[in-house]
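Hi,

Here is the structure I said I would pass on.

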There are 2 protein chains.
Amino acid sequence: MKPDEAVAALAAIVGTEHVVTDPAQLAPNLSDWRGRYHGRALCKVSPADTAQVAAVVRLCAAADLKLVPQGGNTGLCGGAIPAGPDQVLISLGRLRRIRAITADTITVEAGCTLAEVQQAARAAGKLFPLSLAAEGTASIGGNLATNAGGVQVLRYGNARELCLGLEVVLADGRVWDGLRALRKDNTGYDLKQLFIGSEGTLGIITAAVLKLFPAAKSRVTAWVAVCDPAAAVALLDRLRAQCDERVTAFELIGRTALDLVLAHIPDSREPLAGRPAWSVLCELSDSSSEAGLEGCVEQVLADALADGEVLDATLAASAAQAAAFWRLRETIPEAQRIEGPSIKHDIAVPVASIAAFLARCDAALQAAFPGLRIACFGHIGDGNLHYNPSQPAKAANEALMADAEAVHRIVYDLVHAFDGSISAEHGVGQLRRAEIVRYKSPVEIELMRVVKQALDPANRLNPGKVV
Amino acid sequence: MKPDEAVAALAAIVGTEHVVTDPAQLAPNLSDWRGRYHGRALCKVSPADTAQVAAVVRLCAAADLKLVPQGGNTGLCGGAIPAGPDQVLISLGRLRRIRAITADTITVEAGCTLAEVQQAARAAGKLFPLSLAAEGTASIGGNLATNAGGVQVLRYGNARELCLGLEVVLADGRVWDGLRALRKDNTGYDLKQLFIGSEGTLGIITAAVLKLFPAAKSRVTAWVAVCDPAAAVALLDRLRAQCDERVTAFELIGRTALDLVLAHIPDSREPLAGRPAWSVLCELSDSSSEAGLEGCVEQVLADALADGEVLDATLAASAAQAAAFWRLRETIPEAQRIEGPSIKHDIAVPVASIAAFLARCDAALQAAFPGLRIACFGHIGDGNLHYNPSQPAKAANEALMADAEAVHRIVYDLVHAFDGSISAEHGVGQLRRAEIVRYKSPVEIELMRVVKQALDPANRLNPGKVV
């Protein structure tokens, strides 16, 4: 089948208006939002439902075309960007129905944005806890395909833990209906686990059953100055020992990251005096309106203050103040962007090793690149930090960017030495594909390839990504 | 290699005293504890560590022998029973070290009993929440291989959710070291998910990193009479709305099951008068000693009583009374055994469908087998019930047992109609292997076979189980 015949055949499946070949119209789908990748594709096709997705996959198989699934295109590793004239970009954006909602589950189609899923849960008086900066654009299908994380993983888990069932179009166009709404099912291999986090390389997720939780009726948000990352981890242990799983979010924010926000984001104001080197933003929530959370948090903070782990702390007095605290955290990426380039890392180490890792890594980078500053912030309760070095001066920073490979090597070698992960929540995509081969054992890479070969023997799905 | 040469070669790897061929000595390992399966094996071999497990697997590959891994041999579906003279039973019982413990993880070898893991966590002031009747004998490796459930899944999840990393010996004898202690790691396919719940058919789990939680410092245990299963589910919703994730266990116990305990278990006494048709045993716990749990539970029960959902309720006044409540629940299987045979089911349906399912299934069974009584009990918060019919009279019961297939068909057809699971927590093993083919889609069975073929192409690991 010639390319234009294939485009016509795709149009016959989804309707002419849902196939795009015009370069100008295609452009937004061919670049990632950080602007790091600029790809190519035969066309973009937007099926309306699962049956059309399956028909598109079968057509591509017959025409020997590759398929690159794309949701909201908010990924950070180039995982949804096609890279050749034999690749069809398949957008899930029209699969947008909320199919069902019960007291403890919601069944959604892949193209729903995360915010739409959250909103549907809220409208039913429930909570869908996955939450991340791109939630207004990111699709739930993409969240599942990349096993998205975010600020409430500490309590509720990644996308993987929030998923009970999946519907998936396989590489040969068959549909696997695994849309089960069961808390327990031990009737064989848990196949959904293969597709979650595999970035569209093993199948195309078209719908999912997700867990719902009781909505929070009380909430405490605290901004805390701590002396160092070890003190932050100790504070987390104290909070859990006294407030149990009500600790919903626990974010570490280093001085450099906070200073960038204060410098670049209008109306940002530091909640505490004294310019502490490290701050913690933590939130606790409970399904009861009379949970006594505030008293519990105040007691823990008073104890930690008395023991010298905490330097100062303040509880948000209103929802508006809590939102202002969160804005300081959530605008860090934007503040970094305004300041100029930096070298991004999304790493994890065991929680117990965070302090030791940071001490070693900071020292190693400073030795190699004197004067470096490191924006360090993130989900310390999960052992996951965003760790982004740059040079304050423009020329020095340009030199640093040219030496990004050397910076990566120092950081990733140490992450590896601490039994950590070089991609804690952003995935592999194109960006980290060579890196994982460097750090994973040959046995593990071979196992991944065996799985890929078994589920997609023709390498039709998202080629060049992950493995 | 002749059989006796293989036995000698295995003895050279693990030591002569760790290879058993004597039939009398082998017998306990060749029968499951319900006495349903009586298998055969060339020998039992007990390696001391992961390297010896790997060497045994390589030897078996060279000798064209099959391998059947066995932990505590407490499985209920014959998954650990070998079935032929070309099968080597590999016992993990000597891999028994607690390798490491941190504030939030524990690294254990597969042969540790679940109780030993719980105890090691407790000694460190933490909680490992997996808990089930066989915990004194069941091994953690077996728990992971079968994705074990139990009474605290509601809050903490199955074995799968409690596992951060695995070490696995593959079908060709290579070792996959996936012993990561990370809360987040998106560097490719999450391979541990393949091995968890695959009942030893894809690899042999030799060690695991597990999550630890804050220990409970306060606890409320309540026995509640409810009018029907729908009222039990409504009570669970109320408790979660007021007490959030502190609802740790929520068990439903039907009249028939409770009567069997009262008849057969010495010193058992019903906590409430009035012989309610359904009882709920629920437990809430918190890491703080001042959690106000009791007031919270009392308020919820008072509201539910006022609304007619709850008929009567009592809180355990002491740890001894709480233990007595739990004994009523935990001795149901023993009471059933004393009473005589019954037809066992371990099923799940979506929580929202439980009441409708039970009404339909009870009626269908009564229509087909008049006079039947059904011991129904289990983890209603997970949608998971043990549902075991028998006939009160001996002769009628013998006739029923002969007709077990017809009973299964009624129950499983309805489970299937309600999008449920015919094996919620016990797994597949030999017992449900034909059943899953009946109820799963051909696509799903084919996917399972593709995965099996990819990871164990020679069908060397636990042949005849699961798929």
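Let me start with Arg373(A). Arg373(A) sits in strand 17 (residues 373-379) of chain A. Strands (E, at least two residues) and helices (H or I, at least four) are DSSP runs, numbered from the N terminus.

Before you go further: this is a predicted model, with local features needing pLDDT of at least 70 and side-chain atom pairs counting only at pLDDT 80 or more, while totals for chains, interfaces and linings use all residues. Residues are numbered from 1 along each chain as its sequence is written, chains are lettered from A and ligands numbered from 1 in the order in which they are written, and side-chain values use heavy atoms, with hydrogens and water left out.

Still in chain A, the axes of helix 8 (residues 229-243) and helix 10 (residues 293-306) come within 10 Å and cross at roughly 140°. (Axes are lines fitted to C-alpha atoms, for helices over the stretch in contact; angles run from 0 to 180 degrees between N-to-C directions.) That is why helix 8 of chain A counts as oblique to helix 10 of chain A: the word covers whatever is not under 35 degrees, over 145 or 65 to 115. Helix 8 of chain A brings Leu235(A), Arg238(A), Leu239(A), Gln242(A) and Cys243(A) to the contact, and among the residues from helix 10 of chain A are Val297(A) and Asp303(A).

Now chain B. Five strands make an open sheet there, ordered 5-6-10-8-9, with antiparallel pairing (to pair, two strands need at least two DSSP bridges). Strand 5 (98-101) and strand 9 (175-178) of chain B are its edges, each pairing on one side only. Strand 8 (residues 163-169) and strand 10 (residues 204-211) of chain B are joined by six bridges, and Val169(B) stands opposite Ile204(B). Helix 3 (residues 50-62) of chain B packs on this sheet, touching strands 5, 8, 9 and 10 of chain B.

Chain B also has an open sheet of four strands, ordered 1-2-4-3, with mixed pairing.

Cheers

Note on methods
Contact = heavy atoms within 4.5 Å.
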